[in-house]
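Colleague: I would like a close look at one part of this model. Please keep to what can be computed from the atoms.

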Amino acid sequence: MASRSQIHLAAALDGAGWHPAAWREPEGAPAAGLLSAGYWLDQVRTAQAGLLDFVTIEDGFPLQSDDFAELDERTDRVRGRLDASLIAARVAPLTRNIGLVPTVTTTHTEPFHVSKTIATLDYASTGRAGWRAQVGASGHPEAALFGRRNLPRIRAADLAGPEAQARFRELFDEAADHVEVVRRLWDSWEDDAEIREAATGRFIDRDKLHYIDFEGRHFSVRGPSITPRPPQGQPPVVALAHATVPYAFAARSADIVLVTPAGPEAIAPIVGEIRAAQNAAGRGGESLLVFGEFVVFLDEDPAAAIARKERLDEAAGTPYRSDAAVFAGSPDALADELALWAQAGLDGFRLRPGTVPHDLDAIAFGLVPALQARGLFRRAYESATLRGNLGLPRPANRHTAATPA
Amino acid sequence: MTSTGGKPLKQIHLAAHFPGVNNTTVWSDPRSGSHIEFDSFRRFAQTAESALFDFLFLAEGLRLREQNGLIYDLDVVGRPDTFTVLAALAAVTDRLGLAGTINSTFNEPYEVARQFATLDHLSAGRAAWNVVTSWDAFTGENFRRGGYLPQNQRYERARSFLHATQELFDSWHGDEIAGEKNTGEFLSVPRPGRFSIHDAFFDIEGQFNVPRSPQGRPVIFQAGDSDEGREFAAAEADAIFSRHGTKEAGQAFYADVKGRMAKYGRDRDQLKVLPAATFVLGDTDAEARELADIVRHQQVSGQTAIRMLEQLWNRDLSGYDPDGPLPGIDPDLGEHTVARGRAGVRTHRDPLATAREWRELSATKGYSIRELIIHVTGRQNFVGSPRAVADAIDDLVQSDAADGFILVPHITPDGLGEFADKVVPLLQQKGVFRTEYTGSTLREHLGLHPLATAERTREEAAA
């Protein structure tokens, strides 16, 4: 297990970077390159060189939009993206040690498909898969792509209102059920179910396969999975949360929760709420890591970082706003900031590079050495698996745990 | 190069199927590898690519097979997710086509279209889709809607599903991304990818979020022997998997399917007929026949024979001796089947007639249950020395019984290597198989016309 003073780091990969004008940077990939395997492999290899715990890959069903609930008509933003779980699979055979955590929505997908997708990613990456479980929060436009259910349009102005809140609670309840089904399917094969026993002609011991028989509001799933237990047993589930309802979802369902405090003083109350929700969900004894979110613009000269962000804001036509804290400065200063936030109660951070490759390189080759010098980050990977590097033990299968010795 | 008759030699297409969960795989052989570890798939794919095969093919799993209410344990059980493995294989191959079976029942067009467009981008134009239907409530128990699709609507839904994905694939024409960093023009037009599909099965609209991929659409495969299936293939598919490996049956199927294409405005050479083919090689034909017999006995144990008999008889036959005679009782013709989750669970169209045939055969040849099953469940397609097998393959292609074959080894992943090492060079020497990849996309390997460019679609829209 990593030393208690050490922090975990992840990089959030999305398009050309998180700033809307990132794609215009001359040193960034050409637009068509954003859809190429080589572009994604380069990013993950950079993160791997920086010894990061994992990368997340953003995804969603609707075309990207600056408007929360509607598609917009802009032509100056990155539009179009690839399925994140397949990007993760594409880079898996050519990377090592670094975790691969695609975003997959819970709202319109089949838990049975998601379960075997992440399990197969775990096989293809020899134990480095994870899953960022996300709800499809935009309502109507996304639902219309599937035509299977009616979800209302939710405008940004109505987000805090009772109707929207009720809708979110339903979506997160469905998400919790979805994760539960996926986890049960991951455990539906015991580790030693495949026996290849020539004497009795049996490829598997069917007593080591288990129907999951999940019955819920949104779906019923019989099981077992068609895919054997993943190498990690339970690939880590990651959830992004800003408020009570998603905190409760993360507390019930996730191994890592990503939170968005505006400053270090906000951390203790958030962690407190999450731990209380964790206890209420009966998971008090389990490991739930809490990571803070930052968007980062990094240059050795802090003035250059600030100027670069301002130039990007100018190009985008609007100052950059984020749900996460935004940092523009030197890698060294960021290291100090992360140290402070970690002391306030966080286990690690997911960093969103403002532009790629510049800020991703700065994370791997500027921030990481600064953290290592402070004794706050690993100097080598401890493990070949994601759970291993996160300090999370491989869980016993719930079926074998139930069997008396 | 031409044959003595002056007609140019047809070029043979070859593909490799990593078999799934049936008794093809002799898992008890010590050379048999894992059917779940990625390394098995990587080795298989790299062998196929070194031998310059057109593509690799994976099936799909939606529910573990059961028989008599118990999970079937005699064959390989457990497989990876098809899309995920294909995407990973794109990383360890460069030219090999990547074909996967994805069903049109327990999926939605938007999601499937995203995944195939993504696979095509990430493989630089090598994706292919074997469109299949599923309908049974047994499989449906793993999915949100359960078994919702009546059996007689499955082809209609498949057709609608395929057309919906084609609209999605074509919703981006390929010229929408300007990427002008200086001016800030990422898109050359606002609101790309618009679509609106409203038919009996789908009521969907919006904007697709994956730009046009290198091939435009995945290559479309279909496997259907019924009249409806053949018509579907003639109208829509680029390649059809068939079960007709023998010359006469193959020629009849080939002529029939290709004969249906003209009314859709399609050239005959734009649909490749590719039967699945198992093989056993030996230094001599006699040695190969001996080995083939051994393999057949390995594939069909006494237990397996009883289970396969049950699939026709539709009853529990555990009390019968596999080395003894066939049951005297008749098959159960009820709706409920003892075998569930098999793709071919209703392959016996007239169980009573088949049972009669089997009894007669058994009586004439003195076959036990096991020997009968070994006999009727099909011999390997190609058994012989490498020279004999190469000649047989060439003859079938030149005589229009097929355009090529999808090879299915009984030892995976390493069983493909022998064919690659010993048979492929002979086909190359005959001048009927490529000695290098001349194209980089699967469409090019299969000799398919490229799809309309963005410019042509705009011209057509304007006309």
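How many residues of chain B are in contact with chain A, and which parts of chain B supply that side?

Modeller: This is a predicted model, in which local features need pLDDT of at least 70 and side-chain atom pairs count only at pLDDT 80 or more, while totals for chains, interfaces and linings use all residues. Residues are numbered from 1 along each chain as its sequence is written, and chains are lettered from A and ligands numbered from 1 in the order in which they are written.

In chain B, 63 residues are in contact with 63 residues of chain A (contact requires C-beta atoms, placed from the backbone, to lie within 7 Å). At least two residues each come from α1 (38-50), β4, α2 (82-90), α3, β7 (177-180), β8 (185-187) and β10 (203-207) of chain B. Helices here are DSSP runs of H or I with at least four residues, strands are runs of E with at least two, and both are numbered from the N terminus. The largest share, seven residues, is supplied by α3(B). By class, the side of chain B that touches chain A has 32 nonpolar, 16 polar and 15 charged residues (Ala, Val, Leu, Ile, Met, Phe, Trp, Tyr, Cys and Pro count as nonpolar, Asp, Glu, Lys and Arg as charged, and the others, Gly among them, as polar).

Helix α3 (residues 109-122) of chain B also meets helix α5 (residues 154-170) of chain B: their axes come within 9 Å and cross at roughly 55 degrees. The axes are lines fitted to C-alpha atoms over the stretch in contact, with angles from 0 to 180 degrees between N-to-C directions. That makes α3(B) oblique to α5(B) (under 35 degrees is roughly parallel, over 145 roughly antiparallel, 65 to 115 roughly perpendicular, and the rest oblique). From α3(B), the contact is made by B:Pro109, B:Tyr110, B:Val112, B:Ala113 and B:Ala117, and from α5(B) by B:Phe161, B:Ala164, B:Thr165, B:Leu168 and B:Phe169. Nine of these residues are nonpolar, one is polar and none is charged.

Two bridges join β3 (residues 66-67) of chain B to β15(B), and B:Gln67 stands opposite B:Ala339 in β15(B).

Methods:
Contact = placed C-beta atoms within 7 Å. Pairing = 2+ DSSP bridges.
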